[in-house]
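Here are a few notes to go with the structure, written for someone opening it for the first time. Keep the 3D view up while you read.

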Amino acid sequence: MSCRRIRRELLDLLRFGDPSSRTDTYLGHVERCPDCQHEVAVDTRLARELRLALRARVDAYEPSPAVWRGIRLRAADPEPAREGWTGALIAAGRAVRVMVPVAAIMLAAVFSWTQLDTPVGMHELAADRALASRAHWQERISAAVVVEQPRRAVDNIASSPSIQLPRPSGEIPYAEAVNSVKVFTTQVPSGGVIR
Amino acid sequence: MQSGELDAFEEFFNTYKRPVYTTALAITRDPFLAEEILQDCFVKAYRVRHRLRRDVSPLPWLQRVTTNLCYSRIARRRAFVEPLTTLITNLVADLTSRPDQVVESREIIEVLQRGIDALPPKQQTAIILYYLHGYSLAEAAEIAVCNVGTMKSRLHYALKALRARLPEERRAPLPVALRVTER
């Protein structure tokens with residue numbers, strides 16, 4: 001077994017306490033090999049000196065009582081907003097976190113509303129009004145068509161007894177509104193029918 | 001501690017302030033900056049106190065926050081406190097004069113101090129966690145958010161770099177008998 005491999009395994013054992021099944025073999029080798037003894041000794045000494053150097057950095061110091069006083073003061077305050085791009089990123093993240101559920105709820109509400117059958121009550125009234133408005137415009141358009149037709153075509157216009165204009169209240173029963181769409185039927189010279 | 005009462009949090013602070021401060025001081029070598037970092041770390045802990053787990057020690061988390069704060073502060077300041085080197089050298093002289101301490105030369109300690117400062121942050125953290133705090137490989141790896149093999153590798157390269165800084169004549173073997181059980 002080579003010294004290099006033994007040193008690597010032994011250094012692992014010394015540094016990290018990783019005993020392997022061959023530890024005894026390695027130790028036997030080190031006892032006989034001056035080079036490996038030297039290598040292991042230098043590493044051991046380095047580790048010891050390193051601990052001393054690190055302890056020397058910290059042993060003489062203690063945190064002052066002012067640290068806790070500062071923590072008390074800062075803990076009582078709300079978290080300050082961050083500056084720079086980090087703060088902007090965090091703010092954007094928070095905004096997205098709020099906006100996404102709101103948008104989802106709104107989308108769900110709109111979707112479910114469009115999927116509903118026309119209900120009775122308020123929705124029916126709204127539908128009636130819409131139809132009345134549509135009928136009103138149909139009437140206006142049909143009248144315009146009539147105006148533009150030759151005199152002969154106008155003669156063919158048959159007024160319907162079911163013509164119903166919107167009541168002053170703006171409310172028109174549904175059946176009447178449907179009938180009011182069929183205000184005029186105009187026979188144009190080409191034979192087509194314009195509604 | 002999770003009750004949110006500052007008085008209860010003071011007990012938490014007193015329990016963990018020393019290891020946190022030690023880490024900050026070992027990395028920054030500036031006692032005042034280390035105190036600032038200690039304060040920042042515990043203010044952060046206070047703000048997330050409801051999320052801290054009760055079933056595990058908060059120390060690995062505190063150490064992780066501390067090392068991150070240290071390196072972000074150092075990167076911002078870009079200035080180490082050089083006069084401290086002299087102070088530390090003197091401290092080491094006092095330390096080596098104690099009868100219970102192994103007498104080591106001031107020069108070697110000084111070389112190692114500079115060597116530690118010159119290490120990349122991850123290797124520096126590894127050295128501090130493992131050799132100063134005495135965390136196990138697994139604990140140090142958890143704090144540094146890496147696996148055990150990576151932690152081992154960082155320590156290996158750190159020691160290699162530090163050893164390369166030793167003067168040739170100081171790489172002689174110890175005069176005392178080899179003790180393989182010493183970590």
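1. A word on terms: helices and strands here are DSSP runs, at least four residues long for a helix and at least two for a strand, and they are numbered from the N terminus. Also keep in mind that this is a predicted model.

2. Let's begin with chain B. How many helices and strands are there in chain B? The tally is eight helices and zero strands. Reading from the N terminus, chain B goes α-α-α-α-α-α-α-α.

3. Next, how chain B folds up. It has 183 residues, and 35% of them count as buried. Take the contacts in chain B with a separation of 6 or more: 60% of these link residues 24 or more positions apart.

4. Now zoom in on a helix pair inside chain B. Two packed helices are described by the angle between their axes and the distance between the axes. For α1(B) and α6(B), the angle is about 135 degrees and the axes are 10 Å apart. The two helices are therefore oblique to each other, and their crossing is right-handed.

5. Who touches whom in that pair? On the α1(B) side you'll find Thr22(B), Thr23(B), Ala26(B) and Ile27(B), and they meet Gln124(B), Ile128(B) and Leu132(B) of α6(B). Sorted by class, this contact has four nonpolar, three polar and no charged residues.

6. On to the place where the chains touch. Chain B puts in 45 residues and chain A puts in 38 residues. On the chain B side, the elements giving two or more residues are α1 (6-28), α2, α4 (83-96), α5 (106-118), α6 (121-132) and α8 (148-165). The residues on this side of chain B split into 31 nonpolar, three polar and 11 charged.

7. Val67(A), Gly70(A), Ile71(A), Arg74(A) and Ala75(A) come from α4(A), and they meet Glu35(B), Leu38(B), Gln39(B), Phe42(B), Val43(B) and Tyr46(B) from α2(B). By class, the contact of α4(A) with α2(B) comes out as seven nonpolar, two polar and two charged residues.

Conventions: Residues numbered from 1 in each chain as written. Chains lettered and ligands numbered in written order. Predicted model: local features only at pLDDT ≥ 70, side-chain atom pairs only at ≥ 80, totals over all residues. Buried ≥ 20, exposed ≤ 12 C-beta atoms within 10 Å, placed from the backbone. Contact = placed C-beta atoms within 7 Å. Nonpolar A, V, L, I, M, F, W, Y, C, P; charged D, E, K, R; others polar. Axes fitted to C-alpha atoms, helices over the stretch in contact; angles between N-to-C directions. Parallel < 35°, antiparallel > 145°, perpendicular 65-115°, else oblique. Left-handed = near helix turned anticlockwise from the far one by under 90°.
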